[in-house]
Amino acid sequence: MKTFTATPADIEKKWIVIDAEGVVLGRLASIIAMRLRGKHKPSFTPHMDMGDNVIVINAEKVQMTGKKRSDKKYYWHTGHPGGIKHRTAAQILEGAHPERVVTAAVKRMLPGNRLSRQQMTNLRVYAGAEHPHEAQNPEVLDVKSMNSKNTRSA
């Protein structure tokens with residue numbers, strides 16, 4: 001029996017829309033990362049971009065367990081000496097670009113190579129409920145009903 005390796009002709013990409021309202025961030029990010037890589041498909045090939053195009057809506061309403069909303073810090077460096085800065089998850093979610101929290105969580109769950117950077121271009125995150133990808137007829141993936149631990153109230 002020969003091992004199956006997917007070629008570009010074998011790859012079929014679908015469009016999936018996920019509503020992040022009330023869903024725990026880490027669980028959401030792991031599901032998105034798996035879909036972006038294509039690990040949910042039986043024909044998964046590690047060196048090919050087999051994943052689906054994922055649209056995430058309501059990213060500003062994502063939940064975090066414990067005190068992560070106030071305690072989790074996102075760091076960056078300005079490039080100048082002593083230029084380390086940080087913001088809490090609450091500051092980012094209430095700021096101008098709340099979708100960056102979801103994007104960072106998904107990016108950190110993918111391997112750090114060229115292929116995963118290419119796969120990240122298949123992720124589209126929107127803070128509100130509207131998205132401009134209706135023409136692609138995305139399928140709705142209900143993350144809330146997959147597991148009772150995926151949701152968190154307030």
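Mentor: Welcome! Keep in mind that this is a predicted model. Let's begin with the pockets, where helix H4 gives the most to the lining of the largest pocket, with 4 residues.

Trainee: How is empty space found in a structure?

Mentor: Rolling a probe the size of a water molecule over the atoms shows where empty space is left. In this model, the largest pocket holds about 290 Å³ of space. It is lined by 13 residues, and the closest to its centre are Trp 76, Arg 87, Ile 92, His 97 and Arg 100.

Trainee: Which elements give two or more residues to the lining of the largest pocket?

Mentor: Those are S3, H3 and H4. If you sort the lining by class, you find 7 nonpolar, 3 polar and 3 charged residues.

Trainee: How much space lies in the second largest pocket?

Mentor: About 170 Å³. Its lining includes Val 24, Leu 25 and Gly 26, along with Met 64, Thr 65, Lys 68, Lys 72 and Tyr 74. Ala 104, Ala 105, Arg 108 and Met 109 line this second pocket as well. Here the elements that give two or more residues are H1 and H4.

Trainee: Which element gives the most to the lining of the second largest pocket?

Mentor: H4 does, with 3 residues. By class, the lining of this pocket divides into 7 nonpolar, 2 polar and 3 charged residues.

Trainee: Let me look at H4 itself. Which residues of helix H4 are buried?

Mentor: A residue counts as buried when its relative accessible area is under 20%. In H4, which spans residues 99–108, the buried ones are Glu 99, Val 101, Val 102, Ala 104, Ala 105 and Val 106. You have met Ala 104 and Ala 105 already, in the lining of the second largest pocket.

Trainee: What covers the buried residues of H4?

Mentor: The cover includes three helices, H1 (25–37), H3 (89–93) and H5 (114–120). Strands S3 (73–77) and S5 (123–125) are also part of the cover.

Trainee: And the nonpolar core: which residues of the largest one touch the most other members?

Mentor: Leu 28, Ile 32 and Leu 123 do, in a core of 31 residues. Strand S1 (15–19), H1, strand S2 (53–57), H3, H4 and S5 each give two or more residues to this core. The largest share, 7 residues, comes from H1.

Trainee: Which residues is Ile 32 in contact with, leaving aside its neighbours within four places in sequence?

Mentor: Ile 32 is in contact with Ile 18, Val 54, Val 56, Val 102, Val 106 and Leu 123. Val 102 and Val 106 bring us back to H4, where both are buried.

Conventions:
Residues are numbered from 1 along each chain as its sequence is written. This is a predicted model: local features need pLDDT of at least 70, side-chain atom pairs count only at pLDDT 80 or more; totals for chains, interfaces and linings use all residues. Side-chain values use heavy atoms; hydrogens and water are left out. Buried means under 20% relative accessible area, exposed over 50%, partly exposed in between (1.4 Å probe, protein chains only). Contact means heavy atoms within 4.5 Å. On a 1 Å grid over the protein atoms alone, a cavity is a set of points where a 1.4 Å probe fits but cannot get out, and a pocket is an open set with protein on both sides within 12 Å along at least five of seven lines; lining residues have an atom within 4 Å of a point. Grid points are joined across faces, edges and corners, and a volume is the space filled by probe spheres set on the points. Ala, Val, Leu, Ile, Met, Phe, Trp, Tyr, Cys and Pro count as nonpolar, Asp, Glu, Lys and Arg as charged, and the others, Gly among them, as polar. A nonpolar core is a set of buried Ala, Val, Leu, Ile, Met, Phe, Trp, Tyr and Cys residues joined through side-chain atoms within 4.5 Å.
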